[in-house]
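Subject: A structure for you to look at

Hi,

Here is the structure I promised to pass on. Have a look at it first, and then read my notes below.

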Amino acid sequence: MAATIIDGKAFAEGLRAKVGEHVATLKAKAGVVPGLAVVLVGEDPASQVYVRNKGRQTVEAGMQSFEHRLDADTGEAELLALIARLNADPAVHGILVQLPLPGHIDAEGVINAIAPEKDVDGFHISNVGRLATGQKSMVPCTPLGCLLMLRAHLGSLQGAEAVVVGRSNIVGKPMAQLLLGDSATVTIAHSRTRDLPQVCRRADILVAAVGRPRMIEGGWIKPGATVIDVGINRVPTPEKGEGKHRLVGDVDFEAAVEVAGAITPVPGGVGPMTIACLLANTVTAACRANGLPEPEGLTA
Ligand code: NDP
């Protein structure tokens, strides 16, 4: 029987609506308007699209959006001075520096200059440590989106065998920490894992965050498993014309859908959840900054 398709687009719409309601309540009851500052250095076309989408969705949710676009040759000192101003600005509850940064800037140093409580990407070393030790933290947006969808689909994750393929700092590792936080039994697989198909076949929950088009085959999936495909890969489609492409995930969707119990598609799965979780993190940060109770269901 074909798997249930986990509709990330619909899920993200629901989360954004929930964020919008909380923003309205915060304004009405506490006079607080959550604010998100996004910093873009340079003219990378993909980054420009992301920043535009983030700004638009921030405003649509009723929040304040502060965009800072800096030239590609901006010096590190100037960028750090901007971060210091944003750290001190009470109207700014979340700060996101769009990655990648130009090569002459030390990205790690810049991320760690953001006040941890405003680090809505959850990449600051203090948030990484807090997540790993089970303390309240800002949680990276993409894995948070995966967790929220898993909880909504499965209810409890307790005791489930979870396999995360990929060990990057932005997806694989925080994803594994979140699954562990929900008491799943977690395996992290990577490029040196022996017999990856066999490891994947153990998984009740399989999260693919590799960046290799359709690498995970249908035969690697345990019947009935829940499959979360984080991968976003552009593959050429010469049959549709020269230079044309389409997006595919890390999972061979057509094969997997026949075996899995539930699966996220690409596009329309994890992708839309990432910005929705950024907005959710900004509301969480605004509540914490003002000593207000945090809304349920917006974070881990
Ligand atoms: P990275 O390149 O940083 O990490 C990829 C991971 O996959 C590494 O840990 C690597 O292992 C592992 N890997 C590579 N090849 C294999 C293999 N043959 N077998 C097993 N493991 C392998 O990627 P990211 O984590 O940043 O991103 C992963 C995917 O998710 C990409 O397609 C990216 O575009 C997408 N993505 C989607 C987002 C969204 O919003 N939906 C957000 C962020 C990313 P090793 O460490 O051993 O090299």
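Before the notes, one definition: a pocket is an open set of grid points where a 1.4 Å probe fits, with protein on both sides within 12 Å along at least five of seven lines, and its lining residues are those with an atom within 4 Å of a point. Please also keep in mind that this is a predicted model.

Let me start with the overall layout. The protein is divided into domain 1 (31–116) and domain 2 (141–272). Taken over C-alpha atoms, the centres of domain 1 and domain 2 are 29 Å apart.

Both domains matter for the second largest pocket, as its lining takes at least three residues from each of domain 1 and domain 2. This pocket holds about 470 Å³ of space. It is lined by 20 residues, and Phe123, Ile125, Val128, Asn169 and Ile170 are the closest to its centre. Helix H4 (107–111), helix H5 (125–132) and helix H7 (172–181) are the elements that each give two or more residues to this lining. H5 gives the most, with 5 residues. Sorted by class, the lining has 12 nonpolar, 6 polar and 2 charged residues.

Next, the ligand. It is surrounded by 21 residues, of which Arg167, Ser168, Ser191, Arg212 and Thr274 are the closest. Which contacts can you look up there? A polar side-chain atom of Arg167 is 2.7 Å from an oxygen atom of the ligand. The side chain of Thr274 has an N or O atom 2.8 Å from a ligand oxygen atom, while an N or O atom in the side chain of Arg212 lies 2.8 Å from a ligand nitrogen atom. On its own the ligand has 930 Å² of accessible area, and the protein covers 70% of that. Helix H10 (residues 270–289) supplies the largest share of the shell, 3 residues. By class, the shell has 9 nonpolar, 10 polar and 2 charged residues.

Finally, a few backbone details. Most peptide bonds are trans, and most residues other than glycine have a negative phi. Leu99 and Pro100, however, are joined by a cis peptide bond with omega of about 0°, and Pro100 sits in the loop between strand S4 (94–97) and H4. The bond from Val266 to Pro267 is cis too, with omega near -5°; Pro267 is in the loop between strand S11 (262–263) and H10. Ser183 is not a glycine, yet it has a positive phi of about 65°. You will find Ser183 in the loop between H7 and strand S6 (185–189).

Best wishes

Note on methods:
Residues are numbered from 1 along each chain as its sequence is written. This is a predicted model: local features need pLDDT of at least 70, side-chain atom pairs count only at pLDDT 80 or more; totals for chains, interfaces and linings use all residues. Side-chain values use heavy atoms; hydrogens and water are left out. On a 1 Å grid over the protein atoms alone, a cavity is a set of points where a 1.4 Å probe fits but cannot get out, and a pocket is an open set with protein on both sides within 12 Å along at least five of seven lines; lining residues have an atom within 4 Å of a point. Grid points are joined across faces, edges and corners, and a volume is the space filled by probe spheres set on the points. Helices (H or I, at least four residues) and strands (E, at least two) are DSSP runs, numbered from the N terminus. Ala, Val, Leu, Ile, Met, Phe, Trp, Tyr, Cys and Pro count as nonpolar, Asp, Glu, Lys and Arg as charged, and the others, Gly among them, as polar. Domain bounds come from an automatic or database domain assignment. A residue is near a molecule or strand if one of its heavy atoms lies within 4 Å of it. A polar contact is a pair of N or O atoms within 3.5 Å; within protein, one must be able to donate a hydrogen and the other to accept it, and residues adjacent in sequence count only if both atoms are side-chain atoms. Accessible areas come from the Shrake-Rupley method with a 1.4 Å probe; for residues, only the protein chains shown count as cover.
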